[in-house]
Amino acid sequence: YKDSIGLQEIIDQKTEIHNITKKRKNLIIIYAESLEQSFFEPEIFPDLTKNLTTLSKSGTLFNKIHQSPMSNWTIAGMVASQCGMPLSSHLLRNDNAQDFSNFTNNAICLGNLLKHNSYYLSYIGGADTNFAGKNSFYKNQAFDEINGLNEILKPNTEVSKWGLYDEDLFPIILEKIKALRKNNSPFALFALTLDTHP
């Protein structure tokens, strides 16, 4: 991992990072924290995921999947899904943000590729962005804005020990999507839920 090379070095080596020439679609990725198949069992959780269940009937549903090794905590799943590599915890010392930053600053990830194609990149989550190095990760991936609990919390809003409840987070995400759609440039919004974290 420490020998991975950065975006500029790849460009210098004549490796092509292609520009998207077709109409660029907006991208919305929602990381549903710890949401797994048992939450879809109506006998256990009546009506909890009825909208997702309805959507799954008209879309493509992947089941019986397993997470990759070294990707079984939140930020590791984000790194694995966006960078195509595991976040090996033995390279980090006590979730130190500086170590984390050094781990990913040379990685070519989805954010780098989207930014290369003029996407506006936004992250929104209900927890503190400094927790587990999310802030460092998204800064290294050239995100334009990184919003967590401290940036989006409104006065007198109740929070859990993990952060902002999802029922308060989703209206904020929706407002951000509406605002981003008004711009002429394509955007990618990454969001993280947390109610199912416990």
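A: Four strands form an open sheet with parallel pairing, in the order 1-4-2-3; strands here are DSSP runs (E, at least two residues), helices are runs of H or I of at least four residues, both numbered from the N terminus, and two strands pair if DSSP finds at least two bridges between them. Strand 1 (27-31) and strand 3 (145-147) each have a single partner strand and stand at the edges, so one side of each is left without a neighbour in the sheet. This is a predicted model, in which local features need pLDDT of at least 70 and side-chain atom pairs count only at pLDDT 80 or more, while totals for chains, interfaces and linings use all residues. Residues are numbered from 1 along each chain as its sequence is written, and side-chain values use heavy atoms, leaving out hydrogens and water.

Q: How many bridges join strand 2 to strand 3?

A: Strand 2 (residues 120-125) runs parallel to strand 3 and is joined to strand 3 by three bridges, with Ser 122 standing opposite Glu 145.

Q: How should I read the aromatic pairs, and which residues form one aromatic cluster?

A: Rings of Phe, Tyr and Trp (its six-membered ring) pair if their centres lie within 6.5 Å, and planes under 30 degrees apart count as stacked, over 60 as edge-to-face and the rest as tilted. The structure holds six such pairs; one of them, Phe 137 with Tyr 138, is edge-to-face at 4.9 Å centre to centre, with 65° between the planes. The cluster is formed by Tyr 123, Phe 137, Tyr 138, Phe 143 and Phe 190.
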